[in-house]
Amino acid sequence: MPSASAPLGTPARTARMTWRQAIDRRVERHGLGARPAGAAPADAVAAMSGAHAQIQSAGEVSVALRLDGATRQDVRTALLTEHTLVKTYGPRGTVHLLPARDLPMWTGALSALPAGSGNGGGPRAHLSDEQTGRVLEAMDDALAGAELTTDELTEAIVERTGSWAGDPVLEAFQGAWPRWRAATHLAAHRGVLCFGAPRGRKVTLTSPRRLLPGFGPLPAEQALTLLLTGYLRAYGPATPQSFARWLAAPVTWAAALFERNADAVQPVDVEGATAWVAAGDTAPAEAPARGLRLLPYFDAYGVGGHPRERIFPGRAYERALARGQAGNYPLLLIDGTVAGVWHQRLSGRRVRIAVEPLEPLSAARLAELDDQVERMGAVLGARPELSIGPITVGPHA
């Protein structure tokens, strides 16, 4: 990496790698090849730099598939009983499962993002700086010893701040949400709140300090360095542009972060393009990525995978992406690249799994698909039934 004064786009090329080798590394790092013995849910989540959990069941499946013999219940146990996982708002302001041990890093880094990054613009459109501070203080106090539904938290915040905090000004799916909810993502990024145990079908929120005694965010620069190098281990070789997209942060800000961390990152030449890995992390995968996998909605491998045309080659770019956005379709992965889509429908103790390959599958691939369908059924605790053919279900919103 050049000095901070040198142009980011002209580093000394100290290592070379093909895109095939880069994909092999990512598959291995994401636990989609050989799985490390004895790994726990928090290890799997750390390896992929967070598991997207906007759809809770998909997040559980995403983690369980990366662990030998694990099920959705094992992931729930890690989250709700062992508290080795935390559910909160992560990169891009979306709900994630994060390792509890890494929450100081995540909150220290996410709270240091430029205003409006990763959270749809933040509270500024609906709350003044003074109001935002009061809301955060009220949340912190109300959640310190409780798990509250959003309605209960609304009452607690209004009681501590004033009726203005409860004004229904935020457009929602049905009706409008109270004003204070504009600060929800910011509160999570600052370590003020995370999700608690569900109360029936109702979501609850609580303080991370209730679950993790001694918790506190790391200093910003230390946290950002750890976030950057962790991202590069999971998704590298990568560029400041892809890192910025992953965080929903400005590219200029991301490029400056790479520059400030010249000693922690290293350039590589990937078929003539310059990208970065964590310093010293240039070793190839132990084995080429081989095999067929079924990945659920918003799996981290697809969402964070760039350049898109390498992970979604040929027809996959149009079929498995929604206007260039990954995650909206569950993915059929073959040798680390997207080769189709699939869909599941749970009905009692059965799960119907429909798979649409983009090219005909050989007998060997069909046998692998059968194995993956059985594995998916075990993860879900349901008896699987497989069909192959076109899928008419559209992308998830």
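Trainee: Which residues form a nonpolar patch on the surface, and about how much accessible area do they have together?

Mentor: In this predicted model, the nonpolar patch is formed on the surface by Leu366, Leu386 and Ile388, which together have about 220 Å² of accessible area. One of these residues, Leu386, has its place in strand β16, which covers residues 383-388.

Trainee: How should I read the accessibility of Leu386: is this residue buried, partly exposed or exposed?

Mentor: The general idea is that a residue is called buried under 20% relative accessible area and exposed over 50%, with partly exposed in between. Leu386 counts as partly exposed because its relative accessibility is 32%.

Trainee: And where does Ala53 fall on that scale, buried or exposed?

Mentor: Ala53 is buried, because its relative accessible area is 1%; this residue is found in the loop between β2 and α3, the latter spanning 56-64. If neighbours within four places in sequence are left aside, Ala53 is in contact with Gly59, Lys87, Val95, His96 and Leu97. The C-alpha atoms of Ala53 and Phe298 are separated by 8.0 Å, although these residues lie 245 apart along the chain.

Trainee: In what order do the strands of the open sheet containing β2 run, and which of them are at the edges?

Mentor: The open sheet is formed by three strands in the order β2-β4-β3, with antiparallel pairing. Its edge strands are β2 (51-52) and β3 (85-89), each of which pairs on one side only. Between β3 and strand β4, residues 95-99, there are five bridges, and these two strands run antiparallel; Val86 stands opposite Leu98 in β4.

Trainee: Which helices lie across β3 and β4, and at what angles do they run?

Mentor: Helix α4, made of residues 72-80, lies across β3 and β4 and runs at about 80 degrees to β3, while helix α5, made of residues 103-110, also lies across β3 and β4 and runs at about 135 degrees to β4.

Trainee: How many residues of helix α11 are buried, and what covers them?

Mentor: A general point comes first: an α-helix has 3.6 residues a turn, so residues three or four places apart point the same way. Helix α11, residues 240-247, is mostly covered, with six of its eight residues buried, namely Pro240, Ser242, Phe243, Ala244, Trp246 and Leu247. The cover over these buried residues includes α5, α10 (220-235), α12 (251-260) and β11 (273-278).

Note on methods:
Residues numbered from 1 in each chain as written. Predicted model: local features only at pLDDT ≥ 70, side-chain atom pairs only at ≥ 80, totals over all residues. Heavy atoms only, no water. Patch = residues over 30% accessible without salt bridge, like charges linked within 9 Å, V, L, I, M, F, W, Y side chains within 5 Å. Areas by Shrake-Rupley, 256 points an atom, 1.4 Å probe, with all protein chains shown as cover. Salt bridge = Lys/Arg side-chain N within 4 Å of Asp/Glu carboxyl O. Helix = DSSP H or I, 4+ residues; strand = E, 2+ residues; numbered from the N terminus. Buried < 20%, exposed > 50% of the residue type's maximum accessible area, 1.4 Å probe, protein only. Pairing = 2+ DSSP bridges. Contact = heavy atoms within 4.5 Å. Axes fitted to C-alpha atoms, helices over the stretch in contact; angles between N-to-C directions.
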